[in-house]
Amino acid sequence: MKESLTRRTFVKGAGVSAAGAAIAGVLASCSQNTGEEAEEMENLEASHEIAEKPEVEEQEYFCTCSWSCSFCQYRVFVRDGNISHMLPREDFDYRTCLKGRARIQRTYSEARVQYPMKRKTYSVDDPHPENRGNDEWEQITWDEAGDMIAQKWAQVEADFGPLANTYYQGCGSQGSLNGNAGLIMRLFNATGCTAWHYSFDAATNAGLTRGGIQWFDQSEPQDFVNSDYILIMGANPVGAQVQMWKFIAAAQEAGAKLICVDPVFSPTVAKSDKWITVKPGTDPALYLGLIKKFIDDETYVADFVLNHTCAPFLIKKEDGMYLRGGEYQDEPLHVGPPFWVTGLPTEIDPIMVWDEKEGKPACFDECENPAWTCPDDKYITAWDMFKEHIQEWTLDKVMEVTGISEDDFNFLYDVLQPEHKVTHYINFGTGAYENGLHAAYALCALIAMTANFGEPGRSVGGFDAMYGNFFGHALTAPSNGKSFTYITWLDACNIMSSGELNGEPYPIKTMIQTHGGLIGGSVNSDRTKHEFLDKLEQYVVVDPFMTDSARYADIVLPACDTYEYEDVVPLSHEHNVRISEKAIEPLYEAKVDSEIARFLAEKMGLADAVCDVTDDDWWKGTFDDVQAAVDNGITMDTLRENKIMRYVSEFPYIGNKDYKNFITETGRIMFYTEAPAPRTPSTMDVQSIFDREKMPTYFENKIAGENSEYAAEFPLVMISHRNPSRVHMTHFMKDWARDVMPDPILFVHPNDAKKFGVEDGQDILITSTVGQCVMKCVYHTGMREGMTVYNKGYAENETKFGSQGAITTDYCDPYAVNCSFFDNRIKIEPWTEQ
Ligand code: SF4
């Protein structure tokens, strides 16, 4: 921390003085120097002298924007205990954006929760859930709030068991200690409650993981400059990951070509060298078509495919499982690749390949002559199985399903040739459809054909980086040995309605939600309210702001915002950890999350299990248990000194170097998975589609698909994009960022608008398969007819009728278990207040 009279303040004062002298000089030269004027002049000079006087003391802190776009660290200046302004770090590649700058206004905004509150008609014994969202608020003390929560949780546990109390883990704060993976998890583990997983933005990672690509271990963006092509598939960094654009632009300047595959002419597409448009949600079909062409033309990198993918692995025809050493010849377990979270080696029962020289099966990691094809009729290689699987993806079929032209298809095929170094930039766009897991799974297989890994310029980019257990570490386990039970949020309404989970009684009575935009930011909010929240006996929201969820709660607890506590932000696009310093004292009666966890633990009688971990213990656990931190001298003290520290020495870091760190049990890219598992358990039927999941597959999205049963009644597909002025629901309060784009907008193709009788600039009623919302219609010719895009992130009190959260479906793929934010169909009509 620096404490000083800043140069800026001093120079500003000097500037005023010089300007005053200049004005005085001009006036003096232009006027007769009468006594009156001389007096005026003296007064003027005197007033400027007064302006020179104030000396403002400033403190400077390094804070990190803990939002999920770029986690920028910047300098925050504090005067008289209040934040006055911020500046980017000059020695840092991430320069911050308007949204980050508006955080200051947000911190001091009218939307802050200032003290604990409860709804006026709420009491523990008579909760009046019918008044949620409409009641008046009354201030209560922290003690009163804590007592009400503890009393209710104890009652519920006694009557229905611990799982009837639930915790919704939002993601509005991503600090290590005070975020949702921080000490608060220790508290909820100690209760043994049910924890709802928010289950969004998960399909892409699930597909990559199934294929073997580790999201958190890819090349750093400073490597983009080494690519011949940046291929962006369904992502819009200019709008959603502002800081990444700089690296893409640098690559373009260095000669790389930017290709965007996107159904919408986005701000990123506007800057690209080539735009390829496809029908929404058809990406897996495009990838499968390209793979088929690589195989048919024999242009794939044979050595890589044979030695670094599952291609030669033997599948038993009788049951579809891999032939393994233990089963075939009592082979002992082999040492597998290290598990990326722990860094410890895995043990594997080795999969067998056909040894061409010996004419019999052999362990994959010992055989020098694996065969592409197996002569023994009992087995088939994964390569032959996959080749057969993709045969249907002829060019004609790809063009019909995706809408791509033959020229564009061939252009993409040329771009992907192995001699070209390609950064595949993807993010959550293709993963926001029901078939999103398969988009990522198919992409793994496509990249495998070209061996586009492990060298400068070749990677799958655009993600966050994170190492092992920097985040959500061992100290989340309380000393009473209990743990919560994770269930996907996408099952919550079903469980509440039926009172059952997997045929067993599963009553749910309470929920505490921390930093989560459950109502505004998740899916099907009308169902969430009426089938879940309305049936709770107590709903508590912990948040710095009066979000949609907070407004619907029974009790609201004021949490601190970023500048009010010290924390570590372990996520970034680079391989480093960043400190976020405490710049100001907690505002109003707000408490830090870790303090709230300890406070509630005391109230619930769980102090022994939770409060025995101090902040210092937490930091020790964060860094001392992580080898990369130890190797690079990262401790909380060194981080406090350095503000930002790398946990790898190489810069820029290159992912999958030497074709290592593919995160499957064999350390290879897989395009045949013998026993696919859902990302997380749910009540959804996974068995009936088990075989579909084994290989990358295209299936039409149930709602947004062209042949959807909903297409006749709801003729327009609706997807969303990241509002350039918000990160999710972050700027619903009055601040600079909100002013940039105050109205929720639905972009409509003019021909569709004409068809449905709506006009540019008009308020329109959007009716989806699940709910309604009013937004402003804005013409957009840069997308296909039959589809629409809305800018996301508006709270319920910003729309004239309905809400954005109400129009998105909660239907999803049982294996991805992920909110399908883009799988929507709507109809539109003019809207009037009446
Ligand atoms: S909103 Fe995102 S890009 Fe902007 S300052 Fe924060 S982390 Fe950086």
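Reader: Where does D80 lie?

Author: D80 is placed in the loop between β3 (73–79) and β4 (82–88); strands are DSSP runs of E with at least two residues, and helices are runs of H or I with at least four, both numbered from the N terminus. The model is predicted, so that local features need pLDDT of at least 70 and side-chain atom pairs count only at pLDDT 80 or more, while totals for chains, interfaces and linings use all residues. Residues are numbered from 1 along each chain as its sequence is written, and side-chain values use heavy atoms, with hydrogens and water left out.

Reader: What phi does D80 have?

Author: Most residues other than glycine have a negative phi, and most peptide bonds are trans. D80 is not a glycine, yet its phi is positive, about 50°. A cis peptide bond, with omega about -10°, joins F651 and P652. P652 belongs to the loop between β28 (644–646) and β29 (716–722).

Reader: At what angle do helix α11 and helix α17 pack?

Author: Two packed helices are described by the angle between their axes and the distance between the axes. Axes are lines fitted to C-alpha atoms, for helices over the stretch in contact, and angles run from 0 to 180 degrees between N-to-C directions. Helix α11 (residues 283–296) and helix α17 (residues 436–450) pack at about 20°, with axes 9 Å apart. α11 is therefore roughly parallel to α17; angles under 35 degrees count as roughly parallel, over 145 as roughly antiparallel, 65 to 115 as roughly perpendicular and the rest as oblique.

Reader: Which residues make the contact of α11 with α17?

Author: Contact means heavy atoms within 4.5 Å. Among the residues involved are Y287, L288 and F294 of α11, and A442, L446 and M449 of α17. By class, the contact of α11 with α17 has 13 nonpolar, two polar and one charged residue. Ala, Val, Leu, Ile, Met, Phe, Trp, Tyr, Cys and Pro count as nonpolar, Asp, Glu, Lys and Arg as charged, and the others, Gly among them, as polar.

Reader: How far apart are the axes of helix α6 and helix α22?

Author: The axes of helix α6 (residues 183–191) and helix α22 (residues 593–603) are 8 Å apart, and the packing angle is about 20°. α6 and α22 are therefore roughly parallel to each other. L183, I184 and L187 in α6 meet residues of α22, including D593, R598 and L600. This contact of α6 with α22 comprises six nonpolar, one polar and two charged residues.
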